[in-house]
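Dear colleague,

Please find below the structure that I am handing over to you, with its sequence.

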Amino acid sequence: MNINKRGLIVAVSSPSGGGKTTIIKKILKKDGPFIYSVSLTTREKRLGDVEGRDYWFVDQDTFVGKIKSGEFLEYEKVHGNYYGTPVKPIKQWLTKGLIILLDIDVHGAFSVRNQFPNDSLLVFLKPPSIKELEKRLTGRDTESQEQVQTRLERVPEEMELAKDFDHIVVNDSIDTTVDNILQIIKSRQNI
């Protein structure tokens with residue numbers, strides 16, 4: 001890794017169930033200067049969630065306090081819960097030449113681009129079909145049917161906003177999707 005080279009923020013977005021977390025975890029296992037930015041959230045822990053690995057879980061008062069003190073690169077309220085990316089480690093990692101992977105919603109991705117226009121790459125994971133997306137959401141068995149429906153209602157807006165991303169990658173095969181994203185990153189960073 002060239003430590004004199006500035007890093008890159010790779011914002012990976014998709015509708016809920018689109019595979020962001022799975023794809024990012026696979027990329028992190030590859031060789032390269034990759035690091036994952038763990039977001040803060042006010043949502044409840046799901047079975048299998050690990051504090052500090054999946055999210056930093058905080059209450060709403062703590063989250064709002066961090067908003068007021070300017071500690072977030074971006075934050076959004078999605079499906080009734082806050083999600084936010086701490087800005088301090090992002091700035092440090094950029095100067096170290098790391099490729100920072102963000103698992104982030106579409107609006108958050110645009111906030112990243114607005115603050116770091118020369119240091120960001122926005123990748124949208126498009127599901128192969130809405131039917132497949134619904135199958136993935138219900139198959140992970142982490143939300144009620146009502147929560148799944150709420151997430152599906154947001155899909156048309158997210159799919160429409162995908163056109164403003166730097167790249168759209170159809171996520172129909174995990175390995176192919178990972179390879180495609182790695183190729184996009186490599187061509188941008190010359191690694």
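A search of the whole structure finds 7 salt bridges, a salt bridge being a side-chain nitrogen of Lys or Arg within 4 Å of a carboxyl oxygen of Asp or Glu. Please note that this is a predicted model, in which local features need pLDDT of at least 70 and side-chain atom pairs count only at pLDDT 80 or more, whereas totals for chains, interfaces and linings use all residues. Residues are numbered from 1 along each chain as its sequence is written, and side-chain values use heavy atoms, with hydrogens and water left out.

Salt bridges

Arg43 pairs with Asp49 in one of these salt bridges, the closest N and O atoms being 2.9 Å apart. Arg43 counts as buried because its relative accessibility is 7%; buried means under 20% relative accessible area, exposed over 50%, and partly exposed in between, with a 1.4 Å probe and protein chains only. Asp49, at 17%, is likewise buried. A further salt bridge joins Arg53 and Asp54 (2.9 Å, N to O). Here Asp54 is buried at 11% relative accessibility, while Arg53 is partly exposed at 44%. Lys66 and Glu71 also meet through their side chains in a salt bridge (3.3 Å, N to O). Glu71 is partly exposed at 35%, and Lys66 is partly exposed at 24%.

The open sheet

An open sheet is formed by 4 strands in the order β4-β3-β6-β5, with mixed pairing. Strands (E, at least two residues) and helices (H or I, at least four) are DSSP runs, numbered from the N terminus, and two strands pair if DSSP finds at least two bridges between them. The edge strands are β4 (56-57) and β5, each of which pairs on one side only. Strand β3 (residues 40-41) runs parallel to β4, with 2 bridges between them, and Leu40 is placed opposite Trp56. Helix α3 (residues 87-95) packs on the sheet, where α3 touches β5 and β6, and its direction makes about 30° with that of β6. For that angle, axes are lines fitted to C-alpha atoms, for helices over the stretch in contact, and angles run from 0 to 180 degrees between N-to-C directions.

β5 pairs with strand β6 (residues 81-86) in the antiparallel sense over 6 bridges, and Glu74 stands opposite Thr85. The two strands form a hairpin with 2 residues between them, and His79 in the turn has a positive phi of about 55°. Of the 7 residues of β5, 5 are buried, so this strand is largely enclosed by the rest of the structure.

The N-terminal end of helix α2 (residues 60-68) is capped by Asp59, a side-chain oxygen of which lies 3.3 Å from the backbone nitrogen of Asp61. Gly70, with a positive phi near 70°, follows α2.

In helix α4 (residues 106-115), the buried residues are Val106, Gly108, Ala109, Phe110 and Val112. These pack against β1 (8-13), β5 (72-78), β7 (99-103), β8 (120-126) and α7 (155-161). Asp105 is located in the loop between β7 and α4 and is buried at 15% relative accessibility. Not counting residues up to four places away in sequence, Asp105 is in contact (heavy atoms within 4.5 Å) with Ser13, Glu76, Val78 and Arg154.

Nonpolar cores

A nonpolar core is a set of buried Ala, Val, Leu, Ile, Met, Phe, Trp, Tyr and Cys residues joined through side-chain atoms within 4.5 Å. The largest has 21 residues, of which Ile9, Leu73, Ile90, Ile100, Leu102 and Phe165 touch the most other members. Two or more residues of this core come from each of β1, α3, β7, α4 and β8. A second, separate core of 20 residues includes Val12, Ile27, Phe34 and Leu125.

The segment before β1

Arg6 is found in the segment before β1 and is partly exposed, with a relative accessible area of 39%. Leaving aside residues up to four places away in sequence, Arg6 touches Leu94, Thr95, Gly97, Phe116, Asp119 and Gln189.

With kind regards

Note on methods
A polar contact is a pair of N or O atoms within 3.5 Å; within protein, one must be able to donate a hydrogen and the other to accept it, and residues adjacent in sequence count only if both atoms are side-chain atoms.
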